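Thanks for asking me to look this one over. Here are my comments, in the order I would go through them with the model open on the screen.

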Amino acid sequence: MNAGNRPEAKYMKKILMTGFCSTSSELLVKKAACKSLILPNDKLLDSQILSAEIDQQAYKYIFSFGQKPNIKDKVCIETTARNGIRSFHTDFAYDKLQQAFESEKIMVRISDNAGSSFCNALYWNMLEYIRDQELKAKIVFLHIPFCKNMTASEDFCKKIRKGIENFCYLFPM
């Protein structure tokens, strides 16, 4: 079923999308049909804000977005966060998310390198927090291009949001 043809579903209340301020990810999540959270680009504060939010609401899925400079019209689904030689793998069904994006004609790359800065720090901290708190939430980190690397940024972001809605509808937890 196409997400655009069904009424606003209750499942979207259990979805959180995050992005970093003043980036392409902020533009993406601001128009989400679910709860969105814009983070300030501070390695410590970002994780504190997000953990406080998930303490207040029992989310099923958390989609965290950052921007990656070397991609064009593509989404990178990050499977792994790193902290020195240690790594943390998500248990998110990212293969199903990949299918949902591809059904919206979005090119997808599966990556095991969330970067070395804000994106990776947030991902690591939240994977660890969810595990330590024994939460049922699933988190995935996604990189999208800088706006200048999107052929049609509004259309691209709309397809990403639609892919996420379809994923959440078809694969409820």
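The points below go from the overall fold to single residues.

1. **What kind of model this is.** Please keep in mind that this is a predicted model. The values I quote are computed from it.

2. **Order of the elements.** The chain contains 5 helices and 8 strands. Read from the N terminus, they follow the pattern β-α-β-α-β-β-β-β-α-β-α-β-α.

3. **Overall size.** The C-alpha trace spans about 40 × 35 × 25 Å along its principal axes. A compact globule of 173 residues would have a radius of gyration near 16 Å, and the chain's 15 Å agrees with that.

4. Of the 173 residues in the chain, 49% are buried. The exposed surface comes to about 8,700 Å², with 50% of it supplied by carbon and sulfur atoms. Among contacts with a separation of 6 or more, 74% are between residues 24 or more positions apart.

5. **The main core.** The largest nonpolar core holds 50 residues, and Phe63, Phe65, Leu97, Phe101 and Ile160 have the most contacts inside it. Helix α4 (residues 118–132) gives this core its largest share, 8 residues.

6. **Helix α2, its length.** This helix covers residues 43–56, which makes 14 residues. From first C-alpha to last, α2 reaches 21 Å, close to the 20 Å expected at 1.5 Å a residue.

7. Which residues of α2 are buried? They are Asp46, Ser47, Leu50, Ser51, Glu53 and Ile54. Viewed down the axis of α2, the buried residues fall within an arc of 160°, so they line one face of the helix. An α-helix has 3.6 residues a turn, so residues three or four places apart point the same way. On the other side of α2, Leu44, Asp55 and Gln56 are exposed. The cover over the buried residues of α2 includes strands β1 (15–20), β2 (35–39) and β3 (61–68), together with helix α4.

8. **Ser24.** Ser24 belongs to helix α1 (residues 24–30). Is Ser24 buried or exposed? Its relative accessible area is 1%, so Ser24 counts as buried. Leaving out residues up to four places away in sequence, Ser24 touches Gln67, Ile144, Pro145, Phe146, Cys147 and Met150. Ser24 and Gly66 are 42 residues apart along the chain, yet their C-alpha atoms are separated by 7.6 Å.

9. **Two positive phi angles.** Most residues other than glycine have a negative phi, and most peptide bonds are trans. Against that background, have a look at Ser22, whose phi is near 60°. Ser22 sits in the loop between β1 and α1 and is exposed, with a relative accessible area of 69%. Glu134 is not a glycine either, and has a positive phi of about 55°. Glu134 lies in the loop between α4 and β8 (138–145), and with a relative accessible area of 71% Glu134 is exposed.

Key: Residues numbered from 1 in each chain as written. Predicted model: local features only at pLDDT ≥ 70, side-chain atom pairs only at ≥ 80, totals over all residues. Heavy atoms only, no water. Core = buried A, V, L, I, M, F, W, Y, C linked by side-chain atoms within 4.5 Å. Buried < 20%, exposed > 50% of the residue type's maximum accessible area, 1.4 Å probe, protein only. Helix = DSSP H or I, 4+ residues; strand = E, 2+ residues; numbered from the N terminus. Expected span 1.5 Å × (residues − 1). Arc of directions from axis to C-beta. Contact = heavy atoms within 4.5 Å. Rg over C-alpha atoms; globule rule 2.2 N^0.38 Å. Areas by Shrake-Rupley, 256 points an atom, 1.4 Å probe, with all protein chains shown as cover.
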